[in-house]
Amino acid sequence: QVQLVESGGGLVQAGGSLRVSCAASGSGVHMNAMGWHRLTPGNQRELVASITAGGATTYADSVKGRFTISRDNAKNMVYLQMDSLKPGDTAVYYCAGNVYTPRRGSVDYWGQGTQVTVSS
């Protein structure tokens, strides 16, 4: 059973920084392309950042220059470093991606989400 578990959310003041992490667990897990999505209080969904297995990254225009996605394949971890946070970044952040296991092959998974709140 593959699980994506996020951690590191919380409350931060505008202008501050926060790093959220995503751990992929399961037998024989191998992460392919992974990404961070967010759902705002107004129910807007957005793909914030993505990273390929080889490390190529893409970002939403709203976070370019402020957020950095990275991964540690040896640890099956994906990170999102968020700097210069704004109140508009307040959302539930979800880790999602395509994960390979010998038993199930390549399947898309989502984490349960972690709340990030930016106060003004």
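Predicted model: local features only at pLDDT ≥ 70, side-chain atom pairs only at ≥ 80, totals over all residues.

Visitor: Okay, how many helices and strands does the chain have?

Guide: There are 0 helices and 11 strands. Going along the sequence, the pattern reads β-β-β-β-β-β-β-β-β-β-β.

Visitor: And what does the chain span along its principal axes?

Guide: The C-alpha trace covers about 45 × 25 × 25 Å. The radius of gyration is 14 Å, which agrees with the value near 14 Å for a compact globule with 120 residues.

Visitor: What share of the residues counts as buried?

Guide: That would be 44% of the 120 residues.

Visitor: What about contacts between residues 24 or more positions apart?

Guide: Those account for 56% of the contacts in the chain with a separation of 6 or more.

Visitor: Charges next. How many positive and negative side chains are there?

Guide: The chain has 10 positive and 7 negative ones, and the centres of the two sets lie 4 Å apart.

Visitor: Switching topic: how many disulfides does a search of the whole structure find?

Guide: The search finds 1 disulfide. Cys22 is joined to Cys95, with an S to S distance of 2.1 Å.

Visitor: Which parts does that pair tie together?

Guide: Cys22 sits in strand β3 (residues 18-25) and Cys95 in strand β9, so the link ties together parts that are 73 residues apart in sequence.

Visitor: Is the link left-handed or right-handed?

Guide: Left-handed, with -70° about the S-S bond.

Visitor: Are those cysteines buried or exposed? Start with Cys22.

Guide: Cys22 is buried, at a relative accessible area of 1%. Cys95 is buried too, at 0%.

Visitor: Let's look at Thr101 now. Where is it found?

Guide: Thr101 belongs to strand β9, which covers residues 91-101. Its relative accessibility is 4%, so Thr101 counts as buried.

Visitor: What is Thr101 in contact with, leaving aside neighbours within four places in sequence?

Guide: Thr101 contacts Val2, Ser27, Gly28 and Val29.

Visitor: How about Gly105, which strand is that in?

Guide: Gly105 is in strand β10, residues 105-110. Not counting residues up to four places away in sequence, Gly105 touches Val99 and Tyr100.

Visitor: Since Asn76 came up, where does it sit?

Guide: Asn76 is in the loop between β7 (67-72) and β8 (77-82). Asn76 is buried, with a relative accessible area of 17%.

Visitor: What is phi for Asn76?

Guide: Phi of Asn76 is near 55°, a positive value in a residue other than glycine. Ser84 also has a positive phi, about 50°, although it is not a glycine.

Visitor: Okay, where is Ser84?

Guide: Ser84 lies in the loop between β8 and β9. At 42% relative accessibility, Ser84 counts as partly exposed.

Visitor: One more loop residue: where's Thr40, and what does it touch?

Guide: Thr40 is in the loop between β4 (30-39) and β5 (45-51). Leaving aside neighbours within four places in sequence, Thr40 is in contact with Thr90 and Ala91. With a relative accessible area of 16%, Thr40 is buried.

Visitor: Last stop, Ser120. Buried or exposed?

Guide: Ser120 counts as exposed, at 86% relative accessibility. Ser120 is in the segment after β11 (114-119).

Visitor: What does Ser120 touch, not counting residues up to four places away in sequence?

Guide: Ser120 touches Ala14 and Pro87.

Conventions: Residues numbered from 1 in each chain as written. Heavy atoms only, no water. Helix = DSSP H or I, 4+ residues; strand = E, 2+ residues; numbered from the N terminus. Rg over C-alpha atoms; globule rule 2.2 N^0.38 Å. Buried < 20%, exposed > 50% of the residue type's maximum accessible area, 1.4 Å probe, protein only. Contact = heavy atoms within 4.5 Å. Lys, Arg positive; Asp, Glu negative; His and termini not counted. Charge placed at Lys NZ, Arg CZ, Asp CG, Glu CD. Disulfide = S-S within 2.5 Å.
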